[in-house]
Amino acid sequence: LLPMQDTSSTAGLYGRYCAPCHGESGNGDGYNAKFLSIQPAKHSSKEYMSTRTDDTMFDGIHSGGAILNKNHRMPAFGQTLSREQIWALVRYIRELCQCEGPAWSRK
């Protein structure tokens with residue numbers, strides 16, 4: 001984790017907790033990505049992220065990658081981040097991909 005990262009904004013939270021693997025712009029090219037056997041999701045990919053529901057993204061951030069049958073090395077942040085911070089990250093990822101989840105999943 002980057003100790004200097006300002007976490008007072010959602011972009012700062014993303015930079016500290018997500019960007020090391022997912023990349024600053026969500027391209028899946030963070031500095032840790034090259035060490036992972038399963039490549040991180042590209043949060044900037046409209047095509048891919050539009051297949052993911054907001055609830056699924058929340059669950060992955062809260063409980064870690066293993067719960068989604070993804071990379072077990074993605075940690076669970078449910079004890080580190082508040083529910084509000086996790087929902088803010090879900091909205092931030094939606095900004096990165098400029099997309100919404102599947103129509104059936106929207107309120």
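Predicted model: local features only at pLDDT ≥ 70, side-chain atom pairs only at ≥ 80, totals over all residues.
## The core

Let's start in the middle. The largest nonpolar core counts 18 residues. Tyr14, Tyr17, Met49, Ile61, Leu81, Leu89 and Ile93 have the most contacts inside it. H4 gives the largest share, with six residues.

Leu81 is a handy place to look around. Leaving aside residues up to four places away in sequence, Leu81 touches Leu13, Tyr17, Ile86 and Leu89. As background, nonpolar side chains tend to be buried together in soluble globular proteins.

## Helix H4

H4 runs for 15 residues and reaches 21 Å from its first C-alpha to its last, close to the 21 Å expected at 1.5 Å a residue. Its buried residues are Ile86, Ala88, Leu89, Val90, Tyr92, Ile93, Arg94 and Cys97, and they pack against H1, H3 and helix H2 (46-49).

## Helix H3

Over in H3, the buried set is Met57, Phe58, Gly60 and Ile61. These residues sit on the same side of H3, because they cover an arc of only 165° around the axis. The general rule behind such patterns is that an α-helix has 3.6 residues a turn, so residues three or four places apart point the same way.

The buried residues of H3 pack against H2 and H4. Following H3 is Gly64, which has a positive phi near 95°.

Notes
Residues numbered from 1 in each chain as written. Heavy atoms only, no water. Core = buried A, V, L, I, M, F, W, Y, C linked by side-chain atoms within 4.5 Å. Buried < 20%, exposed > 50% of the residue type's maximum accessible area, 1.4 Å probe, protein only. Helix = DSSP H or I, 4+ residues; strand = E, 2+ residues; numbered from the N terminus. Contact = heavy atoms within 4.5 Å. Expected span 1.5 Å × (residues − 1). Arc of directions from axis to C-beta.
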